[in-house]
Amino acid sequence: MDNLPQDPFILFGFINMQLRDNYQNLDELCASLDISREDIESRLAEHGFVYDAVNNRFY
């Protein structure tokens with residue numbers, strides 16, 4: 001995850017942009033970028049963001 005933004009709000013925007021523009025779901029994004037879904041979800045959850053699979057984005 002060293003290549004991802006460290007700031008949680010920038011990470012939130014980056015992940016949502018990637019999900020919107022390039023990936024059908026979070027698992028596909030994580031596999032493509034070789035990152036752990038659990039790590040992304042926990043980092044964003046620390047700041048109140050949760051993944052909504054229906055809308056394919058973090059809120």
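## Ground rules

Since the model is predicted, local features need pLDDT of at least 70 and side-chain atom pairs count only at pLDDT 80 or more, while totals for chains, interfaces and linings use all residues. Residues are numbered from 1 along each chain as its sequence is written, and side-chain values use heavy atoms, with hydrogens and water left out.

Helices (H or I, at least four residues) and strands (E, at least two) are DSSP runs, numbered from the N terminus. "Buried" is used for under 20% relative accessible area and "exposed" for over 50%, with partly exposed in between (1.4 Å probe, protein chains only).

What does Leu4 touch, not counting residues up to four places away in sequence? The list is Leu11, Phe14, Ile35 and Ile40, where contact means heavy atoms within 4.5 Å. Leu4 and Ile40 are 36 residues apart along the chain, and their C-alpha atoms are separated by 9.8 Å.

Within H1 itself there is Gln18, which counts as buried at 14% relative accessibility. Leaving aside neighbours within four places in sequence, Gln18 is in contact with Tyr23 and Leu29.

H2 has Leu26, Leu29 and Cys30 as buried residues. They cover an arc of only 95° around the axis, so they sit on the same side of H2; the arc is that of the directions from the helix axis to the C-beta atoms. The buried residues of H2 pack against H1, H3, strand E1 (51-52) and strand E2 (57-58). Take Leu26: beyond its neighbours within four places in sequence, this residue is in contact with Leu19, Arg37, Glu41, Tyr51, Asn56 and Phe58.

At the start of H2, a side-chain oxygen of Asn25 comes to within 3.1 Å of the backbone nitrogen of Asp27. After H2 comes Asp34, with a positive phi.

## H3

The buried residues in H3 are Ile40, Arg43 and Leu44. Looking down the axis of H3, they fall within an arc of 90°, so they line one face of the helix. H1 and E2 are among what covers the buried residues of H3.

## Aromatic rings

How many aromatic pairs does a search of the whole structure find? There are three. Rings of Phe, Tyr and Trp (its six-membered ring) pair if their centres lie within 6.5 Å; planes under 30 degrees apart count as stacked, over 60 as edge-to-face and the rest as tilted. Phe9 and Phe49 make an edge-to-face pair, 5.8 Å centre to centre with 85° between the planes. Phe9 lies in helix H1 and Phe49 in the loop between H3 and E1, so the pair ties together parts that are 40 residues apart in sequence. Phe49 is buried, at 11% relative accessibility, and Phe9, Phe12 and Phe49 form one aromatic cluster.

Tyr51 and Phe58 make a tilted pair, 5.3 Å centre to centre with 50° between the planes, and both of these residues are buried. Elsewhere, Arg57 lies over the face of Tyr59, at 4.7 Å from the ring centre. Here, a charge sits over a ring if NZ of Lys or CZ of Arg is within 6 Å of the ring centre and within 35 degrees of the ring normal.

## Two positive phi values

Most residues other than glycine have a negative phi. Asp34 is not a glycine, yet its phi is positive, at about 55°. Asp34 is in the loop between H2 and H3 and is exposed, with a relative accessible area of 70%.

Asn56 also has a positive phi, near 50°. Asn56 lies in the loop between E1 and E2. Is Asn56 buried or exposed? At 13% relative accessibility, Asn56 counts as buried.

Terms used. A polar contact is a pair of N or O atoms within 3.5 Å; within protein, one must be able to donate a hydrogen and the other to accept it, and residues adjacent in sequence count only if both atoms are side-chain atoms.
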